[in-house]
Amino acid sequence: MADFPGKVSTQTSSQEPQRSYGIPSSVDIDFIKGIPGILLLAEIVVGLLVWALIASTPLSSASAYVWVMLVSVTLWLLSIALLVVLLLRFHQSLPSIPWPLVLMVFYSVAAVLYLTAFLANAASVPWLYRGYLGTSAFFAIVVTLLYAASSYFAYLGWRGEGQNAAGSTVPV
């Protein structure tokens, strides 16, 4: 009976899982390897080309090119912010936001805005600067198609492919 206190364990058999509401601990490499991640990276690179080519001409202050610059720079910055949110899994810290719906709306609006920017850019290319501005119009339609493809994949994610669309927003 003397060795009884030494055999008693005070640890419980189950522990509560700790939830992290701060900075995520890991980077989501699988996102970059998937089609949505590749499309987002391509949108950032091609969007940079669009506004850099227009900014390199002296006609960048013309009204059509101001619209193209506004659209391309704004969506470029928002796409970088979205990449950071998805890559660092910040969206998991905000489960009350319907991320599939937010992504679908963002990509759809971006595709429509870039389509208008492409039309303004292509219609305003003067003969003298057709090299830079024509190239920027080409990249504008490429990034429009990239955003359209992203909106399609975001639609598939929002639809849930047979699951409840709200299932991905409810914390487990």
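Tutor: Start with one term: a residue is buried under 20% relative accessible area, exposed over 50%, and partly exposed in between.

Student: Predicted, okay. What does the protein chain average in pLDDT?

Tutor: The average pLDDT is 82, and 76% of the residues score at least 70. Over residues 162–172 pLDDT stays under 50, and the model has 10 contacts beyond four places in sequence for that stretch.

Student: Back to phenylalanine 153. Which residue does it form an aromatic pair with?

Tutor: The structure holds 8 aromatic pairs. In one of them, phenylalanine 153 pairs with tyrosine 152. The arrangement is edge-to-face, with 5.6 Å centre to centre and 70° between the planes. Tyrosine 152 has a relative accessible area of 47%, so this residue is partly exposed too.

Student: And where is tyrosine 155?

Tutor: Tyrosine 155 is in helix α5, which covers residues 130–159. Its relative accessibility is 34%, so tyrosine 155 counts as partly exposed.

Student: New topic. How many residues are in the largest nonpolar core?

Tutor: That core has 34 residues. The members that touch the most others are Leu40, Leu75, Leu82, Tyr107, Tyr114 and Tyr147. Two or more residues each come from α2 (35–55), α3 (63–87), α4 (99–123) and α5.

Student: What is leucine 82 in contact with?

Tutor: Leaving aside neighbours within four places in sequence, leucine 82 is in contact with Leu40, Leu103, Phe106 and Tyr107. Phe106 and Tyr107 also belong to one aromatic cluster, together with Tyr114 and Tyr147.

Student: Tell me about α3. How many residues does it have, and which are buried?

Tutor: α3 has 25 residues and reaches 36 Å from its first C-alpha to its last, close to the 36 Å expected. Its buried residues include Ala64, Val68, Ser72, Leu75, Ser79, Leu82 and Leu86. An α-helix has 3.6 residues a turn, so residues three or four places apart point the same way. The cover over the buried residues of α3 includes α1 (29–33), α2, α4 and α5.

Student: Is tryptophan 76 buried or exposed?

Tutor: Tryptophan 76 is in helix α3 and counts as buried because its relative accessibility is 18%. Beyond four places in sequence, tryptophan 76 is in contact with Ile44, Gly47, Leu48 and Trp51. Its C-alpha is 9.1 Å from that of valine 46, which is 30 residues away in sequence.

Student: What follows α3?

Tutor: Arginine 89 follows α3, and its phi is positive, near 60°.

Student: Which residue forms a salt bridge with arginine 89?

Tutor: The partner is aspartate 28, and the closest N and O atoms are 3.4 Å apart. The pair links distant parts of the chain, 61 residues apart: aspartate 28 is in the segment before α1, and arginine 89 is in the loop between α3 and α4. A search of the whole structure finds 1 salt bridge.

Student: Are those two buried or partly exposed?

Tutor: One of each. Aspartate 28 has a relative accessible area of 16%, so this residue is buried. Arginine 89 is at 25% relative accessibility and therefore counts as partly exposed.

Definitions and conventions:
Residues numbered from 1 in each chain as written. Predicted model: local features only at pLDDT ≥ 70, side-chain atom pairs only at ≥ 80, totals over all residues. Heavy atoms only, no water. Helix = DSSP H or I, 4+ residues; strand = E, 2+ residues; numbered from the N terminus. Buried < 20%, exposed > 50% of the residue type's maximum accessible area, 1.4 Å probe, protein only. pLDDT = per-residue confidence, 0-100. Contact = heavy atoms within 4.5 Å. Core = buried A, V, L, I, M, F, W, Y, C linked by side-chain atoms within 4.5 Å. Expected span 1.5 Å × (residues − 1). Phe/Tyr/Trp six-rings, centres within 6.5 Å; stacked < 30°, edge-to-face > 60°. Salt bridge = Lys/Arg side-chain N within 4 Å of Asp/Glu carboxyl O.
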